[in-house]
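Reader: I've got the model open and would like to talk through how its pieces pack. Could you take me through it?

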Amino acid sequence: MDLAAAFIERSRHYLAFEYPTKIRRCLDVLPADAIWRRTDERSNSIGNLLLHLSGNVRQWIVSSVGGAADARHRSAEFEAREGAGADDLYDTLRTTLDEADTVIASLTPSRLLERRTIQGREVSVFDAVYHVVEHFALHTGQIVLLTKQLAPGRIQFYEDAGGLAIPRWREGAESAAVETKKASD
């Protein structure tokens, strides 16, 4: 596998499987009233972060790389103080991630070098994908931290096994997701 193919494969893995699996695990243990709770007026709720992730992935990948219309209203993602429940927010995010996965899967090494203007910035398609993976990881970590604060002891993603961090969040889900994706391709 060449470097471009490896980059595309890893990006797809993180966005289509690993990060949303961890977010789903968080949402499954949170009390319903915790989704829109803020620690203070300047902080974001998990609901805000889910709206923001959907908006970011849609704008950067589905629209700017994939060519779909861009109707993002970024500030609304942070201004919301209430809204949909965890399942609806996750379903919206999942739909966006599935669309982004289709776009990323279609990329070739030469397309990674194409230029785009996103949020007023001149970037390559490679930069756009890299930004989205990095950005998604950051906010996934925030969701995990907020979940650990709002539902103490309810999630654990790794088991310490003699100095090895064994993933607990997979539990067969990865192979099922890969098989589902293969069947749909």
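Reader: Which residues in α4 do G47, L50, L51, L53, S54, V57, R58, I61 and V62 in α2 meet?

Author: Quick caveat: this is a predicted model, where local features need pLDDT of at least 70, side-chain atom pairs count only at pLDDT 80 or more, and totals for chains, interfaces and linings use all residues. Residues are numbered from 1 along each chain as its sequence is written, and side-chain values use heavy atoms, leaving out hydrogens and water. Taking contact as heavy atoms within 4.5 Å, the α4 side consists of L89, T92, L93, T96, L97, E99, A100, V103 and I104.

Reader: How are α2 and α4 oriented, roughly parallel or roughly antiparallel?

Author: Helices here are DSSP runs of H or I with at least four residues, and strands are E runs of at least two, numbered from the N terminus. Helix α2 (residues 46–63) packs on helix α4 (residues 86–105) with axes 9 Å apart and an angle of about 20°. Angles run from 0 to 180 degrees between N-to-C directions, with axes fitted to C-alpha atoms over the stretch in contact. Under 35 degrees counts as roughly parallel, over 145 as roughly antiparallel, 65 to 115 as roughly perpendicular and the rest as oblique, so the α2 and α4 pair is roughly parallel.

Reader: What angle do α1 and α6 pack at?

Author: Helix α1 spans residues 3–29 and helix α6 residues 125–150, with axes 10 Å apart. The two are roughly parallel to each other. Their packing angle is about 20°.

Reader: Is I118 buried or exposed?

Author: I118 sits in strand β1 (residues 115–118). Beyond its neighbours within four places in sequence, I118 touches W60, S64, V123 and A128. Buried means under 20% relative accessible area, exposed over 50%, and partly exposed in between (1.4 Å probe, protein chains only). At 1%, I118 is buried.

Reader: Which residue in β4 is the bridge partner of E159?

Author: Strands β3 (residues 158–161) and β4 (residues 164–167) run antiparallel, joined by four bridges; two strands pair if DSSP finds at least two. They form a hairpin with two residues between them, and G162 in the turn has a positive phi of about 60°. The β4 partner of E159 is I166.
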